[in-house]
There are 2 protein chains.
Amino acid sequence: MSVTLKNIAERVGRSVTTVSRALAGYDDVSEATRRQVQQVAREMGYVPNITARQLQKQRTDTIAFVMPTYGPRFSDPFFSEFLAGVGNQAAKFGFDLLVSTRPPGEEEIATYLKNIRSRRVDGFIIVRTRRCDDRITLLQNNNFPFVAFGRVEKNNEFPFVDENSEWGIKLMVDHLVEQGHTRLACIAPPSELMLAYYRRRGFVQGLQSHNLPVNERFILEADLTQQGGRQAAETLLSMPRPPSAIVACNDLMALGAMSAAHQRGLTVGRDISITGFDDIPLAEHANPPLTTVHQPVYQIGTMVSEMLINIIQGKTLPDQHVILQPSLIIRQSSRAKL
Amino acid sequence: MSVTLKNIAERVGRSVTTVSRALAGYDDVSEATRRQVQQVAREMGYVPNITARQLQKQRTDTIAFVMPTYGPRFSDPFFSEFLAGVGNQAAKFGFDLLVSTRPPGEEEIATYLKNIRSRRVDGFIIVRTRRCDDRITLLQNNNFPFVAFGRVEKNNEFPFVDENSEWGIKLMVDHLVEQGHTRLACIAPPSELMLAYYRRRGFVQGLQSHNLPVNERFILEADLTQQGGRQAAETLLSMPRPPSAIVACNDLMALGAMSAAHQRGLTVGRDISITGFDDIPLAEHANPPLTTVHQPVYQIGTMVSEMLINIIQGKTLPDQHVILQPSLIIRQSSRAKL
DNA sequence: TTGAAAGCGCTAACAT
DNA sequence: ATGTTAGCGCTTTCAA
């Protein structure tokens with residue numbers, strides 16, 4: 001069994017309280033006893049029982065991250081990187097990270113509710129915000145600490161980090177138009193996501209700023225996976241007059257779209273341009289390397305994590321709302337159309 | 001604030017004890033009070049305080065998963081999928097999942113030790129076993145529950161799930177030799193990993209079974225990332241007499257190797273064959289689609305998770321040691337050599 | 001059928 | 001400088 005304060009107390013012939021205080025470094029304990037206690041504690045390999053401390057302190061020093069995922073074969077590199085950022089930063093502050101994966105919907109909300117009510121964690125990290133986000137409403141109603149990566153449609157009165165993806169997509173459209181493209185299509189995320197709202201708008205405004213017509217049939221929705229991107233691209237490419245460039249709203253869909261193009265015998269970067277968003281590590285190693293919009297996902301993870309911990313610890317945030325400017329990464333998948 | 005047993009007790013005019021028993025469904029409480037208590041509990045939105053229960057029961061109903069990662073830009077799809085499997089299965093049994101990412105080494109061991117000593121979790125999931133694995137030694141010495149995905153060099157006296165990757169690589173070599181290849185190279189994982197041991201051996205034995213010479217210069221080590229695979233492939237391809245096929249020991253390295261080949265103007269699947277291992281979702285959508293060895297990573301995640309929970313709950317496992325047979329997935333990256 | 005009391009391991013207010 | 005007491009919220013004897 002594990003060493004407790006009581007064990008140490010018995011060994012040094014002092015009360016549990018004194019031992020507790022000696023270990024906590026309070027100065028109302030004599031130099032001698034403190035020394036002795038710390039010495040013995042080290043010898044015995046004492047580590048405080050976290051659960052007991054949590055109960056006493058009414059904090060868990062734990063944050064939760066519920067990943068919204070569909071289906072079992074889930075593996076978006078975007079999430080792993082974000083997760084690493086959140087977790088590593090939390091660890092720096094002595095916080096643990098509780099992770100679950102739930103499809104958006106009732107089960108997901110139930111998970112949040114249970115963690116709130118059972119005081120399982122001190123706060124939440126929210127990702128992939130929805131235009132009207134139940135998770136955020138729930139958390140706000142319960143006055144529970146959280147930080148979001150992303151905004152919602154109205155009342156963004158909560159701490160968040162987001163990137164200006166509208167602007168990112170506009171940059172992309174500019175780039176493609178410069179390359180001589182006039183027939184641009186867009187593979188957009190599911191419309192309930194706030195992502196979709198910004199990126200779609202960036203696409204439309206990008207076209208308009210170049211006086212290009214907006215063809216609704218060239219804007220397709222897909223589920224952010226390769227499969228989704230591939231199917232959407234197949235639809236686009238089988239049109240009588242297909243687009244010459246496809247702006248996919250994340251890298252995974254772009255990779256799927258590239259795969260569809262290859263299968264039709266097209267050479268991406270020559271016969272057609274395809275672009276992504278996120279700049280996952282694989283983008284650089286795709287064939288051809290993928291032109292995309294870079295998002296500092298790991299850093300965003302560390303930022304939201306630190307913000308959340310500050311909130312939990314009652315500190316005031318210098319910036320409640322952080323909006324980052326993404327940058328365009330031009331690679332070979334968007335070479336000039338011949 | 002949250003609802004406690006005491007609150008309910010006051011409301012129904014009964015003791016905390018009775019309320020506790022009523023809610024737990026014990027039969028030594030009158031039908032009437034049970035009804036009433038449950039009713040009131042629901043009305044008040046009672047959820048037990050997990051921390052208090054943990055302290056009392058001396059269990060946390062939580063398992064830990066410490067991902068061994070190098071560097072911050074970590075995003076191996078392999079891990080996300082495995083994580084989802086572990087987490088979803090745990091949730092089915094009412095267990096939570098604590099996740100951290102640590103580079104192998106001191107910090108990592110410290111994390112294990114802390115979680116053990118502080119009784120933070122009830123058990124561990126270990127992945128990417130090392131030939132001589134400190135994590136496993138530590139856990140065994142502390143008699144702490146764990147299940148590993150992978151084996152170690154000696155004394156595999158612990159519960160694990162593993163795939164027969166030696167055999168998987170041999171299948172791959174067979175396939176490539178059938179395609180007419182005689183100059184096969186291998187991009188192997190870091191040699192301290194048990195993975196490396198099996199896969200390398202599979203490669204060597206595969207060659208020997210076809211009476212092909214084993215050229216040590218054709219066996220390079222890389223770190224399981226695209227970058228690593230790319231560099232290794234560059235080394236191989238710049239040799240005076242380069243290999244005609246490259247067997248990468250995971251998909252990420254294979255993707256990196258493909259990228260290196262393309263950059264040299266080679267067409268993968270025609271000028272050179274490149275194969276992977278894992279069958280991550282991206283493999284299918286690579287250009288060309290990647291020939292690889294399929295591992296049911298998600299299922300392995302659910303298996304180890306369930307095994308661990310069974311151990312924690314004191315049940316005996318039907319199979320302490322599970323070894324799965326992987327299957328070959330032939331795609332276009334390994335077409336016949338012309 | 002119910003309740004009082006003890007205790008899980010820790011911290012903190014209040015003596016001394 | 002140290003100890004006593006109480007309590008975090010829950011479960012579990014043991015008694016009534």
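Predicted model: local features only at pLDDT ≥ 70, side-chain atom pairs only at ≥ 80, totals over all residues.
Student: Which helices of chain A and chain B each supply at least two residues of the surface near DNA strand D?

Tutor: Both chains take part in this surface, and chain A brings α2 (16–24) and α4 (50–57). From chain B the helices are α1 (5–12), α2 (16–24) and α4 (50–57).

Student: Which element gives the largest share of the surface near DNA strand D?

Tutor: In total, 24 residues surround DNA strand D, and among the closest are S30(A), T4(B) and N49(B). The largest share, five residues, comes from α4(B).

Student: Where the two chains touch, which element gives the most to the side of chain B that touches chain A?

Tutor: The contact draws 49 residues from chain B and 49 residues from chain A. On the chain B side, elements that each supply at least two residues include α4, β2 (96–102) and α10 (226–237). The residues of that side divide into 20 nonpolar, 20 polar and nine charged. The element that gives the most, with eight residues, is α5(B).

Student: Which residues touch the most other members of the largest nonpolar core?

Tutor: That core holds 176 residues. I187(B) touches, among others, L220(B), I246(B), M253(B) and A257(B), not counting residues up to four places away in sequence. The residues that touch the most other members are I187(A), A257(A), I187(B) and A257(B).

Methods:
Residues numbered from 1 in each chain as written. Chains lettered and ligands numbered in written order. Near = placed C-beta within 6 Å. Helix = DSSP H or I, 4+ residues; strand = E, 2+ residues; numbered from the N terminus. Contact = placed C-beta atoms within 7 Å. Nonpolar A, V, L, I, M, F, W, Y, C, P; charged D, E, K, R; others polar. Core = buried A, V, L, I, M, F, W, Y, C linked by C-beta atoms within 7 Å. Buried ≥ 20, exposed ≤ 12 C-beta atoms within 10 Å, placed from the backbone.
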